[in-house]
Amino acid sequence: MTDKKTIAIIGAGIVGVSAAVWLQRDGHDVILIDKAGPGEGTSHGNGGVLASCSIVPVTVPGLLQKAPKMLFSPSQPLFMKWGYFPKLLPWLMRYLRHANADDVERIAAALTPIVGDSLNDHKALAEGTGAEKWLEPSDYLFLYENREHFDGDAFGWSIRRKHGFHWEELEGQAFHDYDPIFSQDIGFAAKLGDHGHIKDPGRYVKDLAAHVESNGGRIVRAAVDDIIRNNGKVTGVRTEGETIACDTAIVTAGVWSGPLAKRLGISVPLESERGYHLELIEPSAMPRSPVMVASGKFVATPMEGRIRLAGIVEFGGLDAAPSRAPFELMRKNARAAFPGVTWKDEVEWMGHRPAPADSIPIIGDVPGIEGAYMGFGHHHIGLTGGPKTGRLLAQMIAGRTPNADLSAYAPARFKT
């Protein structure tokens with residue numbers, strides 16, 4: 001057992017709650033602080049897939065040529081609030097600089113240790129917590145119109161193959177025998193085994209947090225203004241009117257981590273990749289497994305009593321209201337993908353994915369400040385990579401050496 005510490009975790013989404021579970025198992029006292037409470041933000045609204053194979057960033061070669069056309073087409077899953085564009089531009093320039101084969105290889109190599117074994121990472125995290133019931137091992141399928149359409153994504157699939165992913169190719173009738181819910185226009189599927197999904201991501205994170213609380217952890221609903229230091233050491237966390245004493249503080253507040261990181265001397269180029277979901281409540285049929293429908297770049301996941309559609313990207317910052325067009329596009333795409341399905345009701349949601357300009361999460365200790373750590377910036381794979389990130393943070397805090405090279409994730413890369 002390492003020295004017992006009091007650890008404040010700022011942000012109670014999947015990363016923060018995972019860190020809390022692993023730190024408690026090491027015998028530490030943990031305090032989870034979140035302005036909305038556990039599992040209320042991005043962790044509530046994600047696509048729910050444990051997408052281990054999602055190691056290929058958005059910034060693939062050719063993106064620069066495709067993006068303008070996507071932005072001006074109402075049927076493409078990329079949207080922009082144009083009033084926000086001037087503010088977005090510096091981040092966007094840095095982001096697009098990575099749209100080349102070498103950087104994609106480097107990013108995929110960095111993401112694989114964080115997400116590549118997600119189902120087992122979640123099983124290890126959830127064991128004995130009461131949250132296991134939400135975990136569902138499953139296949140994950142990428143759906144295409146035909147083989148030629150699939151071949152258009154050859155670059156991404158070659159990277160997955162290089163990192164040890166295998167898939168079965170289902171064509172025509174073979175795919176419709178696997179899952180008859182889908183339209184005849186979808187004639188090809190790449191089916192990956194050893195994946196999984198969460199049947200209710202928000203309740204999953206809440207159950208993990210309840211386990212932390214039942215084991216003596218504190219849950220505080222408050223916004224954190226600052227991390228207090230004394231002689232280069234963390235001594236507490238300042239919330240709206242209360243100072244909470246701690247030896248160690250971890251910033252795991254997703255896209256809201258930027259200002260706190262800056263106070264610690266780490267200036268992360270971080271944007272909100274605004275994500276939308278549409279839930280089809282009590283559908284007449286369910287997909288057998290979660291799928292990524294390549295033509296609309298959206299995910300459809302079977303969940304408790306509903307199908308959740310997710311996967312739109314919009315740039316427009318943290319403050320603007322949701323747009324109508326992304327919901328309409330998902331509705332249209334759903335009707336095209338599974339034309340025979342009806343549903344009783346719909347739920348719409350919009351949230352914020354934390355997108356660092358280099359597509360690699362920020363995980364590790366803050367140089368020059370004893371007891372300060374960070375774990376955020378997972379783009380659209382936070383649920384997938386949350387348990388591993390939390391476990392790595394617990395290992396670092398304990399002084400154990402994780403069996404992975406962590407230099408790619410180091411906060412130091414953005415030191416001011």
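1. C246 is buried, at a relative accessible area of 5% (buried: under 20%; exposed: over 50%; partly exposed: in between; 1.4 Å probe, protein chains only). C53 is buried as well, with a relative accessible area of 0%. Zero disulfides turn up in a search of the whole structure (cysteine sulfur atoms within 2.5 Å).

2. The model is predicted, so local features need pLDDT of at least 70 and side-chain atom pairs pLDDT 80 or more, while totals for chains, interfaces and linings use all residues. Residues are numbered from 1 along each chain as its sequence is written, and side-chain values use heavy atoms, without hydrogens and water.

3. T389 sits in helix α13, residues 382–398 (helices are DSSP runs of H or I, at least four residues, and strands are runs of E, at least two, numbered from the N terminus). With 0% relative accessibility, T389 counts as buried. The T389 side chain makes a polar contact of 2.9 Å with the side chain of H378 (N or O atoms within 3.5 Å; within protein, one able to donate a hydrogen and the other to accept it, and sequence neighbours counting only if both atoms are side-chain atoms). Leaving aside residues up to four places away in sequence, T389 touches V15, I114, I363, G375 and H378 (heavy atoms within 4.5 Å).

4. The model holds 14 aromatic pairs (Phe, Tyr or six-membered Trp ring centres within 6.5 Å; planes under 30 degrees apart are stacked, over 60 edge-to-face, the rest tilted). One of them, W91 with Y95, is stacked, at 4.5 Å centre to centre and 20° between the planes. Both residues belong to helix α4 (residues 85–96) and are four residues apart, about one turn of the helix. W91 is buried at 6% relative accessible area, and Y95 is buried at 4%.

5. W91 also pairs with F315, in a tilted arrangement with 5.4 Å between centres and 50° between planes. This pair links distant parts of the chain: W91 is in helix α4 and F315 in strand β17 (residues 313–315), 224 residues apart. F315, like W91, is buried.

6. A single aromatic cluster is formed by Y140, F142, Y144, F150, W157, W167 and F188.

7. Two tryptophans have a charged residue over the ring face. R25 lies over W22, 4.6 Å from the ring centre (NZ of Lys or CZ of Arg within 6 Å of the ring centre and within 35 degrees of the ring normal). K35 lies over the face of W256, at 3.9 Å from the ring centre.
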